[in-house]
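Hello,

Here is the structure I promised to pass on. Please have a look at it before reading my notes.

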Amino acid sequence: MENVIEVTGLSKQYKAQMAVDNVSFTVKRGSIVGLIGPNGAGKTTIMKMLGGLVYPSAGEIKIFGESTESGLCKARSRMCFIIEAPYIRDDFTAEENVEKLRLQKGIPGKERVKEVLAKVGLENTGKKQAKQFSLGMKQRLGIAMSLLSKPEIMVLDEPINGLDPQGIVEIRNLLLKLSREEHVTILISSHILSELGIICSDYLFINKGQIIKDVSAEDLTLECRQYIHLHTDNDELAGTILTGKMGLTGVDFSEKDYIRIYDMLDDVKLLSKTLYENGVIPTELFIKQISLEKYYMDMVGETYVEYN
Ligand code: ATP
């Protein structure tokens, strides 16, 4: 798939602070990319630079292959950005809000208003004014408004932030629908990985202005898969038995205090017996799985308490 966004060595410096520090990434057409990082990591600044709202201190932005000022301007007209709260008039209904924007933008065809409202599930809100909407409904109205111009790429800054669980599910389902049915490419930020659920095809983890991991959803799931946690009275000998005598290939020795084994999950008894018979006593042996949230917290260096 073609890259619709290519960012190379992008930085933004505010006085002494590097808000975004030499960031490079690509976004493929049709993907849903989650930009994940704690507060102040630089997510909004990256999105603002993509949207031309903040001027980069260094680096290059290429959108639809365009990197010149005028080229980027053209490219941005094929995108939509919801970075701060969408501009919604509280005393207008959903339909009036969308219609007002349609007229402002000179988009032909009044039927388009009902069409975009139906896409976000707000077609039956009738005379209800936006001030009576839940936060989730307002977010969906903002998305409906941005759909008016049929964007090919949507850039959404924390659209899930502050929503209740139902609102979160609604936005997630809506984004999946837009991706599948309208083939919209989506770049979405969040500071809580689990809130994005399983909708993203790729993840960019950011901390202190830098991309600390760029991983596909598939690889992320693989890294978080189940394993056997093994600690013995002689881990060195245990390692030799596992990889030599037993011929296991899925053994990871990168942790200091224990060994991770991705094989033999269905026969822990045999594993333990073989080790014992070869003079190694397992002192810790259990099946474990890292939750996505723990994986993320480990990466950004935050303490995470797992409640089992
Ligand atoms: P949040 O989730 O809190 O919005 P974020 O990941 O979007 O965080 P940014 O808003 O991009 O982070 O901010 C990155 C850093 O740059 C922060 O430390 C912030 O204080 C700083 N920053 C952002 N905008 C400005 C500005 N206009 N002037 C000075 N510093 C700024």
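This is a predicted model: local features need pLDDT of at least 70, side-chain atom pairs count only at pLDDT 80 or more; totals for chains, interfaces and linings use all residues.

Residues are numbered from 1 along each chain as its sequence is written, and side-chain values use heavy atoms, with hydrogens and water left out.

Six strands form an open sheet in the order 5-6-7-3-8-9, with mixed pairing. Strand 5 (79-82) and strand 9 (210-216) are the edges, each pairing on one side only. Pairing requires at least two bridges found by DSSP. Helices (H or I, at least four residues) and strands (E, at least two) are DSSP runs, numbered from the N terminus. Strand 3 (residues 32-36) runs parallel to strand 7 (residues 185-190), with five bridges. There, Ile32 sits opposite Ile186 of strand 7.

The helix

Helix 4 covers residues 111-119. Its buried residues (under 20% relative accessible area, 1.4 Å probe, protein chains only) are Arg112, Val113, Val116, Leu117 and Lys119. Seen down the axis of helix 4, they fall within an arc of 155 degrees (taken from the directions from the axis to the C-beta atoms), so they line one face. The face turned away from that side carries Glu111 and Lys114, both exposed (over 50%). Helix 3 (94-105), helix 5 (135-147) and helix 6 (165-182) are among the elements covering the buried residues of helix 4. Gly121 follows helix 4 and has a positive phi, near 75 degrees.

Best regards

Terms used
Contact means heavy atoms within 4.5 Å.
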